[in-house]
Amino acid sequence: NFGAAFILIVQCVTLTGWSEMMYRSENASGIFAVPFFVNLITICFYIVLPLTIIIIKDALQASSKDAFSHKQKHSAVTRIKNKLCQKHTQDNSSPSAMRAEMFEEIEGKDKIMQ
């Protein structure tokens with residue numbers, strides 16, 4: 001009975017053949033089936049379904065925003081690294097000095113991005 005009830009609820013939520021099921025239930029149990037189906041359709045189709053869609057949409061937007069932010073940070077670090085490599089190649093300075101300057105500049109950019 002649980003499987004049949006679950007299929008009935010899914011049919012009602014998707015609005016696929018729910019009126020036929022309502023008439024069958026009305027014939028079996030009387031007029032009390034009609035308010036059940038009307039309330040089920042109202043709650044599921046007009047309240048639960050839009051909320052579910054909104055939650056999924058927000059989750060997708062948040063994940064795309066995080067991916068974009070990560071991409072921005074990566075491109076900023078690459079630009080800093082390339083700029084400092086060119087600068088220190090021209091100056092013939094040590095790799096440790098270049099590394100220290102790169103970390104300082106990345107930390108400064110990171111504070112600005114936050």
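How many salt bridges does a search of the whole structure find? The search finds one, a salt bridge being a side-chain nitrogen of Lys or Arg within 4 Å of a carboxyl oxygen of Asp or Glu.

This is a predicted model, in which local features need pLDDT of at least 70 and side-chain atom pairs count only at pLDDT 80 or more, while totals for chains, interfaces and linings use all residues. Residues are numbered from 1 along each chain as its sequence is written, and side-chain values use heavy atoms, with hydrogens and water left out.

**The chain as a whole**

The protein chain has four helices and zero strands, and its pattern along the sequence reads α-α-α-α. Helices (H or I, at least four residues) and strands (E, at least two) are DSSP runs, numbered from the N terminus. Of the 114 residues in the protein chain, 12% count as buried. Buried means under 20% relative accessible area, exposed means over 50%, and partly exposed lies in between (1.4 Å probe, protein chains only).

The accessible surface of the protein chain comes to about 9000 Å², and 64% of that surface belongs to carbon and sulfur atoms. Accessible areas come from the Shrake-Rupley method with a 1.4 Å probe; for residues, only the protein chains shown count as cover. Among contacts in the protein chain with a separation of 6 or more, 41% are between residues 24 or more positions apart. Contact means heavy atoms within 4.5 Å.

**Helices H1 and H2**

Helix H1 covers residues 2–13; its twelve residues reach 16 Å from the first C-alpha to the last, close to the 16 Å expected at 1.5 Å a residue. The expected span of a helix is 1.5 Å times one less than its number of residues. H2 also has twelve residues and reaches 16 Å between its first and last C-alpha, close to the expected 16 Å.

Leu15 sits in the loop between H1 and H2. Leu15 has a positive phi of about 60° although it is not a glycine, and it counts as partly exposed because its relative accessible area is 34%. Just after H2, Gly30 takes a positive phi of about 100°.

The salt bridge joins Glu20 and Arg24, whose closest N and O atoms are 2.7 Å apart. Both residues lie in helix H2 (residues 18–29), four residues apart, about one turn of the helix. An α-helix has 3.6 residues a turn, so residues three or four places apart point the same way. Glu20 counts as partly exposed because its relative accessibility is 44%.

**Contacts across the sequence**

Ile9 is found in helix H1. Leaving out residues up to four places away in sequence, Ile9 touches Phe36 and Leu40. Ile9 and Leu40 are 31 residues apart along the chain, and their C-alpha atoms are separated by 8.2 Å.

Met21 lies in helix H2. Apart from neighbours within four places in sequence, Met21 is in contact with Leu8, Gln11 and Phe37. Met21 and Gln11 are ten residues apart in sequence, with 8.7 Å from C-alpha to C-alpha.

**The aromatic pair**

The structure holds one aromatic pair. Phe36 and Phe37 form this pair, which is edge-to-face, with 5.3 Å centre to centre and 85° between the planes. Rings of Phe, Tyr and Trp (its six-membered ring) pair if their centres lie within 6.5 Å; planes under 30 degrees apart count as stacked, over 60 as edge-to-face and the rest as tilted. Is Phe37 buried or exposed? Phe37 is buried, because its relative accessible area is 1%, whereas Phe36 counts as partly exposed at 42% relative accessibility.

**The nonpolar patch**

Ile43, Tyr46, Ile47, Val48, Leu51 and Ile54 form a nonpolar patch on the surface, with about 590 Å² of accessible area together. Patches are made of residues with over 30% relative accessible area and no salt bridge; like charges are joined within 9 Å, and nonpolar side chains (Val, Leu, Ile, Met, Phe, Trp, Tyr) within 5 Å. Leu51, one of the patch residues, lies in helix H3 (residues 33–91).

The table gives the accessibility of some residues.

| Residue | Relative accessibility and class |
|---|---|
| Leu51 | 47%, partly exposed |
| Ile9 | 31%, partly exposed |
| Met21 | 22%, partly exposed |
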